[in-house]
Amino acid sequence: MSQQTAHASTAGHHPKYLAHHFESMAQQNAAGKLGMWLFLGQEVLFFSGLFLAYILARIFYPETFLAAHELLDWKLGALNTVFLLTSSLTMALAVRGAQVNSQKQMYWNIMATLILGGAFMVVKYFEYTHKFHDGLLPGKLFDAAKAMHNGVPANIPGAPAIFFAIYFVMTGTHGLHVLIGMGLMIWLLIRIKRGDFNSENHVYLENVGLYWHIVDLIWIFLFPLLYLVR
Amino acid sequence: MESNRKNVPQGAHAATAGGAEPNYINAHKGIWSWMTTVDHKRLGLMYLVGVLGFFAVGGIFALLVRTQLLGPIFKGASGKQEWLFSGETYNKLFTLHGAVMVFLVIIPSIPASLGNFFLPLMLGAKDVAFPKLNLMSFYVYILGGAFLLFSIFTGAVDTGWTFYTPYSSTTSTSVVSAVLGVFILGFSSILTGVNFIVTIHKMRAPGLTWVRLPLFVWAQYATSLIQVLATPVLAITLMLLAIERTIGVGIFDPKLGGDPVLFQHFFWFYSHPAVYIMILPAFGVISEIITINSRKQIFGYKAIAMSSVAIAVIGFLVWGHHMFTSGQSELAAAVFSFLTFAVAVPTAIKTFSWVATMYGGSLRMNSAMWYAQAFLFLFTIGGLTGLFLGTLSVDIHLHDTYFVVAHFHYVMMGGTMTAFVGALHHWWPKMTGRMLNEFWGKVSCFFVFAGFNIAFFSQFVLGTKGMPRRYANYLPEFQYLHQISTIGSYLLGLGFFITLCYMIQSLINGEKAPPNPWGGRSLEWETDSPPIEHNFHHQPVVTHGPYEFPEIDHSQAPRGGH
């Protein structure tokens with residue numbers, strides 16, 4: 001019976017956001033964060049396949065990569081890098097807002113992160129439509145004649161189709177992750193408005209932050225590998 | 001659910017069998033309470049039903065394949081003499097057999113069903129760390145299975161379960177649907193892995209230190225690590241294959257400058273570790289069954305626990321041994337061959353430890369133990385023949401022959417499925433509250449063991465004589481061995497059918513099970529059979545190791561238990 005009474009006394013402080021199968025908020029938060037780190041490990045392995053494909057293709061066709069990267073606009077890539085880096089800062093500030101219990105700081109920083117993510121996708125949209133227009137497409141859709149016709153120097157040695165295959169698959173998969181992140185931001189905004197998060201309970205916010213940072217980190221590798229080839 | 005718990009009278013936990021508190025099965029009523037449950041025990045049971053259902057489907061495909069090979073020999077293009085199926089249908093049958101068995105049966109078999117059910121119980125937890133995620137994994141599993149089987153109706157797949165390019169990117173069959181199915185199943189696998197690792201790290205009962213964990217938990221831990229780290233590579237591979245087929249992205253297409261062998265590297269980077277996803281949980285099961293039924297401390301607890309982790313780590317570095325004939329460099333092949341031998345060491349440590357555990361024990365030969373013995377025998381053959389294939393020169397001769405088929409069936413079927421069925425016998429009383437018929441359990445084990453050896457040992461012989469795998473046709477001198485193999489497969493099927501019969505009989509009118517029928521010391525035996533909804537009447541506190549049985553005589557042991 002002693003265990004029963006012991007249980008009753010710990011159950012006295014039972015915050016409404018503590019799930020029934022956890023003993024304490026510390027346990028619940030630690031579990032949530034460990035789960036997210038494992039998921040991020042999974043993300044790294046997911047992208048590693050694409051990075052390996054990139055390395056192989058670049059070893060096979062160094063001259064293709066050198067010539068084809070000129071067709072990407074490094075200024076737009078740099079602008080997007082600025083957007084994402086800034087959004088990581090606002091994300092971190094939102095988590096800080098949760099830690100110091102500032103609803104306003106949480107809300108507006110998540111909003112800023114969402115807008116910066118959106119700006120990234122807008123730039124990406126213009127880059128993609130430009131490529132579509134010029135026939136700079138992946139694999140067998142690659143159309144050098146159309147590109148030449150549009151005044152793009154697409155007479156690239158080696159396998160330009162593979163360069164654009166890797167460009168579109170890598171940035172496309174990354175862009176999908178940005179979109180998912182933006183969806184999570186909207187969900188966070190709703191929950192912040194509802195007053196769900198505070199200094200004791202903000203593991204969701206922190207986990208979306210971790211996810212957003214890895215999306216940012218992947219872009220930090222993609223940008224030089226694709227846009228700044230030497 | 002909270003209120004339900006508080007309503008229970010304080011003295012309820014005194015009752016052990018048929019107590020006042022409802023068990024997890026009858027705590028809530030109606031189909032909807034099952035569809036939306038977040039209870040790990042119910043989800044474990046639902047996975048079990050799913051896995052067994054798909055096992056029946058995959059088994060029927062297997063019997064159809066074997067029946068085809070029983071028949072008269074094709075005359076070839078000139079004198080058309082077909083038996084049962086055309087070559088195209090045969091290709092689809094063995095592909096479906098492989099894909100269903102690997103992705104829908106063996107990978108989720110022990111982890112998703114028994115792991116879900118018993119991991120929290122063994123840890124003294126109320127549930128897994130993320131119960132809602134657990135429910136989602138289950139639906140993702142069903143969705144993936146639906147996609148995979150849907151491909152049957154859109155023309156099926158004839159690539160083999162390996163989906164090798166360039167054939168898979170050019171064949172006219174329904175590769176995209178099947179590949180999407182496997183992609184979705186991967187999500188389920190990853191989420192389950194994340195859930196289990198966090199549960200093991202964060203949800204252990206007070207006093208349950210890492211060296212007091214049952215070895216089943218250690219095995220699940222190693223398995224989950226592989227699930228989380230290897231499956232995403234399969235996901236990206238299959239995504240690339242699907243894009244290849246839809247828009248011709250070219251990364252695996254040599255015409256556009258891609259490399260089809262890259263697909264093999266990607267595929268085996270997942271699929272070799274996946275072999276350990278399939279076998280490690282079986283190791284955990286065998287550690288439990290053999291120790292509990294030997295009534296003594298397991299031999300080499302830490303060695304077995306660490307060898308699981310060692311297998312998980314080294315298992316990531318041996319994928320090239322599937323590709324000795326693919327034109328990879330000789331240096332790479334030699335390194336992969338060496339690492340393949342290295343991974344045999346921790347595996348052998350386990351096998352010797354199990355045998356040493358039985359040595360001098362007072363063995364209780366119940367039907368679970370019969371299955372465990374079958375496992376030891378079959379897995380040892382499967383493991384040792386793996387070394388033949390890891391040897392570079394021998395592999396050139398045996399590559400893509402029936403020797404390979406026999407080898408991995410000895411490991412996957414003789415190893416994992418035997419352990420899985422053994423585990424069902426071991427934990428059935430806990431899951432259902434009913435005992436199984438011991439006599440028929442042993443009869444079924446006999447048929448499974450005999451049928452299996454007849455079916456697959458003949459294939460070792462076929463392989464060394466040069467019979468290639470995946471052929472619907474063969475030379476006349478192979479026929480008698482094929483026929484022996486087919487007869488064995490029927491006996492094997494009969495064995496499993498007997499199991500199904502007495503399991504249903506047990507559910508209908510089986511003898512009521514006590515909470516601890518086998519005298520186990522790990523936490524799952526400390527609660528009712530079947531367990532109550534929240535697993536334990538009060539938070540268990542662990543003061544001993546998982547195998548410190550009361551009848552162990554500590555007076556003789558210089559370094560006895562605590």
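Begin by selecting A:Phe164, B:Phe103, B:Leu114, B:Phe163, B:Ile251 and B:Phe375, the residues with the most contacts inside the largest nonpolar core, which has 250 residues. Such a core is a set of buried Ala, Val, Leu, Ile, Met, Phe, Trp, Tyr and Cys residues joined through side-chain atoms within 4.5 Å, where buried means under 20% relative accessible area (1.4 Å probe, protein chains only). Next, select helix H4 of chain B, residues 87-123, which gives the most to this core, with 22 residues; helices are DSSP runs (H or I, at least four residues) numbered from the N terminus.

This is a predicted model, in which local features need pLDDT of at least 70, side-chain atom pairs count only at pLDDT 80 or more, and totals for chains, interfaces and linings use all residues. Residues are numbered from 1 along each chain as its sequence is written, chains are lettered from A and ligands numbered from 1 in the order in which they are written, and side-chain values use heavy atoms, with hydrogens and water left out.

Now centre the view on B:Phe163. Leaving aside residues up to four places away in sequence, B:Phe163 touches residues including B:Phe103, B:Val182, B:Leu241 and B:Phe263; contact means heavy atoms within 4.5 Å.

Turn next to the interface, to which chain B brings 42 residues and chain A 39 residues. Finally, select B:Lys126 and A:Glu23, which form a salt bridge with their closest N and O atoms 3.4 Å apart; the term denotes a side-chain nitrogen of Lys or Arg within 4 Å of a carboxyl oxygen of Asp or Glu. On the side of chain B that touches chain A, H8(B) supplies the largest share, 10 residues.

Methods: Helices (H or I, at least four residues) and strands (E, at least two) are DSSP runs, numbered from the N terminus. Buried means under 20% relative accessible area, exposed over 50%, partly exposed in between (1.4 Å probe, protein chains only).
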